[in-house]
Amino acid sequence: MSSQGPTSPDRLDKEPTSMVQGASNGSRLKYQSLGVLVLQTTSLVLTMRYSRTLKEDGPRYLASSAVVLSEVLKIFACTVLVLFENNFSFRSMNQLLKEEIVKKPVDTVKLAVPAGIYTLQNNLLYVALSNLDAATYQVTYQLKILTTALFSVSMLGKRLVLHQWLSLLLLMAGVALVQWPTDLEQKVLTPGSQFMGVTAVLIACLSSGFAGVYFEKILKETKQSVWVRNIQLGLFSFVFGLMGMMVYDGRSVVKSGMFQGYNTITWIVVILQAVGGLVVAMVIKHADNILKGFATSMSIILSTLISYFLLHDFNPTGVFFVGAMLVIAATFLYSYEVKAASSAIGV
């Protein structure tokens, strides 16, 4: 005789209800993640641009010092997260950090490469947003999809399908149109500043692609906590950032201090840059590629509208809109997954 009795009607009623609630919660999480991604991406770019163009009495804040401070905050935030993972036991956390950082010097030193590149990239973003409006920057920076794809193919052996290669061509065409020179008399940017800004973005895209793929390769080779890895990255980035600050802005630091020109907006930029990447890392597991494409598109549109209506540093043209639409389309096309085709290729 079977030990299991007949399933009660109450249990049959509860199972579909719990499944519906689970699906509803999952859907809500996805859209909350979408909102966080859009908010983080747009707010960082716009506040950074505003802080670099804000006219105030006295010297402007040093971008190199902001990069150093953001790394300090990032290390602190990751340490708190590691402490949380270890049930707020300082002894367990200290033992873990000692085992993973101090006793594995080779693995730790490997992270010096992406840390140095990320430090360079963060400084370049300040240069870019000091010379480009937020809308042009947002669209041009999507070239990191191209560099990441190429480095993934060469370093990780990833294979791209036809529609992804086509999306990369669309992406390059869209960015080229966005950078197409115009004769608008109201153009805020000078040719020199635009060239400097675009050059900074292009180098940042190249460094972002390489560092991202390199970091992904390291994460795949080890089973270490991503927060511990970020602490290691932050330590190296802090050292490199401090060295860069003293080399390029050492005289200004000695004369007026590290916090010269700081105001509320500057601190908001530092905090957003520090915790932004960590927030994205926490929510990205709930957002699929299509939602990430939506986040990028909405961020570009919001940046364009705010740059035009609030910052007054952007004059949209028909060519810009065509280029922006091509970049948005390329983002969706690249992240599109052909499930039927992938399942049919199985051996």
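## Salt bridges

A salt bridge is a side-chain nitrogen of Lys or Arg within 4 Å of a carboxyl oxygen of Asp or Glu. By this rule, the predicted model described here has 5 salt bridges. Side chains of opposite charge can pair when their charged atoms come close.

One of the salt bridges joins Asp-313 and Arg-49, with an N to O distance of 2.7 Å. Asp-313 lies in the loop between helix 12 (289-311) and helix 13 (318-335), while Arg-49 belongs to helix 1 (residues 9-53), so the pair ties together parts that are 264 residues apart in sequence. Helices (H or I, at least four residues) are DSSP runs, numbered from the N terminus. Both Asp-313 and Arg-49 are buried, a term that means under 20% relative accessible area, with exposed meaning over 50% and partly exposed in between (1.4 Å probe, protein chains only).

A salt bridge also links Glu-71 to Lys-74, whose closest N and O atoms are 3.5 Å apart. These two residues are 3 residues apart in helix 2, which means that about one helical turn separates them. Glu-71 and Lys-74 are both buried. Glu-99 pairs with Lys-103 at 3.3 Å, N to O; Glu-99 counts as partly exposed because its relative accessibility is 34%.

## Packing of helices 2 and 3

Helix 2 (residues 63-85) packs against helix 3 (residues 90-102) at an angle of about 115°, and their axes are 9 Å apart. Axes are lines fitted to C-alpha atoms, for helices over the stretch in contact, and angles run from 0 to 180 degrees between N-to-C directions.

Thr-79, Val-82 and Leu-83 of helix 2 meet Phe-90, Met-93 and Leu-96 of helix 3, where contact means heavy atoms within 4.5 Å. The residues of this contact comprise 5 nonpolar, 1 polar and no charged. Ala, Val, Leu, Ile, Met, Phe, Trp, Tyr, Cys and Pro count as nonpolar, Asp, Glu, Lys and Arg as charged, and the others, Gly among them, as polar.

## The surroundings of Val-269

Val-269 lies in helix 11 (residues 264-283). Val-269 counts as buried because its relative accessibility is 0%. Leaving aside neighbours within four places in sequence, its contacts include Leu-44, Thr-47 and Tyr-126. Val-269 and Val-67 are 202 residues apart in sequence, and their C-alpha atoms are 9.8 Å apart in space.

## Basis of the model

Residues are numbered from 1 along each chain as its sequence is written, and side-chain values use heavy atoms, with hydrogens and water left out. In this predicted model, local features need pLDDT of at least 70 and side-chain atom pairs count only at pLDDT 80 or more, whereas totals for chains, interfaces and linings use all residues.
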